[in-house]
Amino acid sequence: MKKHLLLITLLFGHLAIAQTPQTYLNARAEKHLAGPFNLEVLKADSIYGVWFEENWKLFSLKGTPTDWKKNLENTEVDIYLGTWCGDSKRWVPQFIKMWNDLGLDQDKLNFTALYDGVEKYKQGPNGEEKGLRIHRVPTFIFKEEGKEYARIVEYPRNDLELDLAQIAVGYASEPNYRAATYLLELFENESMEDIIKDVRNHLNKVNHLVGKDRELNTLGYVFLRSNRIQEALLTFQFNTIIYPHSPRVFNSYGEGLLLNEDKAGAIRAFKRVIELDPKYENANRRLQELETDNK
């Protein structure tokens with residue numbers, strides 16, 4: 001009898017541990033979620049619950065016909081977010097409210113929180129994001145029978161309800177950040193050697209797709225923090241060519257070169273930053289460190 005009680009105790013103890021969401025403190029000593037978690041955590045937590053409730057209230061259905069919702073009954077949505085991210089705070093609660101108001105099954109929504117900060121930028125504690133081309137949060141991945149067929153990246157292209165309706169009827173809007181998506185798919189499908197052979201063509205395509213310099217800058221850091229150095233360097237380099245007057249993109253390129261142990265290249269990049277913005281703090285500090293090391 002005691003043995004059975006021990007087994008039951010261990011079993012329930014294991015379940016309790018498995019259901020406890022993982023948290024961490026970021027550089028600002030703020031507590032955030034990391035990895036898979038249950039939605040109730042967002043609703044009940046004294047920190048997350050405030051912004052969840054505020055943004056939940058912002059959404060209401062327009063009252064137009066929603067017959068298209070039946071096409072989503074077999075759809076699961078994997079939602080990758082950051083509890084530190086303004087767009088996640090805004091759009092995730094509204095998406096859940098819309099899903100519920102349409103009468104769809106909330107159990108088909110799966111939540112994974114990603115890190116902020118330098119070390120594991122937009123990564124999960126167990127690499128939950130790997131192979132999924134996650135570079136912005138929130139990312140909503142729509143799947144049927146385990147296969148992705150649409151996604152919303154960071155914010156809706158039109159509005160949430162229209163984007164969801166388009167997905168339901170098979171005419172999804174192309175996700176935001178088309179240049180980043182192009183590079184992610186390129187790196188996934190071609191070797192770096194083949195990419196370099198046709199680099200001018202790829203640069204031209206990225207140039208026509210990119211929105212702002214932050215698009216490729218963020219993607220470059222996602223690669224850099226995932227130890228995909230060559231992909232990061234090419235992304236940053238493309239950005240310096242497309243935005244030759246942005247100190248930010250040269251600073252990022254310098255950081256990538258430095259991590260790749262190309263000190264001479266990093267010095268050139270940081271000097272270009274100073275030419276564009278003499279007061280750029282990080283570039284000045286890096287140059288001072290590099291010049292001290294060379295003495």
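Modeller: Contact means heavy atoms within 4.5 Å. This is a predicted model, in which local features need pLDDT of at least 70 and side-chain atom pairs count only at pLDDT 80 or more, while totals for chains, interfaces and linings use all residues. Residues are numbered from 1 along each chain as its sequence is written, and side-chain values use heavy atoms, with hydrogens and water left out.

Biologist: Which residues does valine 199 touch, not counting those up to four places away in sequence?

Modeller: Valine 199 lies in helix H8. Helices (H or I, at least four residues) and strands (E, at least two) are DSSP runs, numbered from the N terminus. With residues up to four places away in sequence set aside, valine 199 touches Leu234 and Phe238.

Biologist: What does valine 199 count as, given its relative accessibility?

Modeller: Buried means under 20% relative accessible area, exposed over 50%, and partly exposed in between (1.4 Å probe, protein chains only). Its relative accessibility is 26%, so valine 199 counts as partly exposed.

Biologist: How are H6 and H8 oriented to each other?

Modeller: The axes of H6 (residues 178-189) and H8 (residues 199-209) come within 7 Å and cross at roughly 150°. Axes are lines fitted to C-alpha atoms, for helices over the stretch in contact, and angles run from 0 to 180 degrees between N-to-C directions. Angles under 35 degrees count as roughly parallel, over 145 as roughly antiparallel, 65 to 115 as roughly perpendicular and the rest as oblique. H6 and H8 are therefore roughly antiparallel.

Biologist: Which residues have the most contacts inside the largest nonpolar core?

Modeller: A nonpolar core is a set of buried Ala, Val, Leu, Ile, Met, Phe, Trp, Tyr and Cys residues joined through side-chain atoms within 4.5 Å. The largest has 42 residues, and those with the most contacts inside it are Leu183, Val206, Leu216 and Phe238.

Biologist: Which strands stand at the edges of the sheet?

Modeller: Six strands form an open sheet of mixed pairing, in the order S1-S2-S4-S3-S5-S6. Two strands pair if DSSP finds at least two bridges between them. One side of each edge strand is left without a neighbour in the sheet, because each has a single partner strand; these are S1 (22-25) and S6 (147-153).

Biologist: Which residue in S2 stands opposite threonine 23?

Modeller: S1 and S2 (residues 31-37) pair in the antiparallel sense over four bridges. In S2, the residue opposite threonine 23 is leucine 33.
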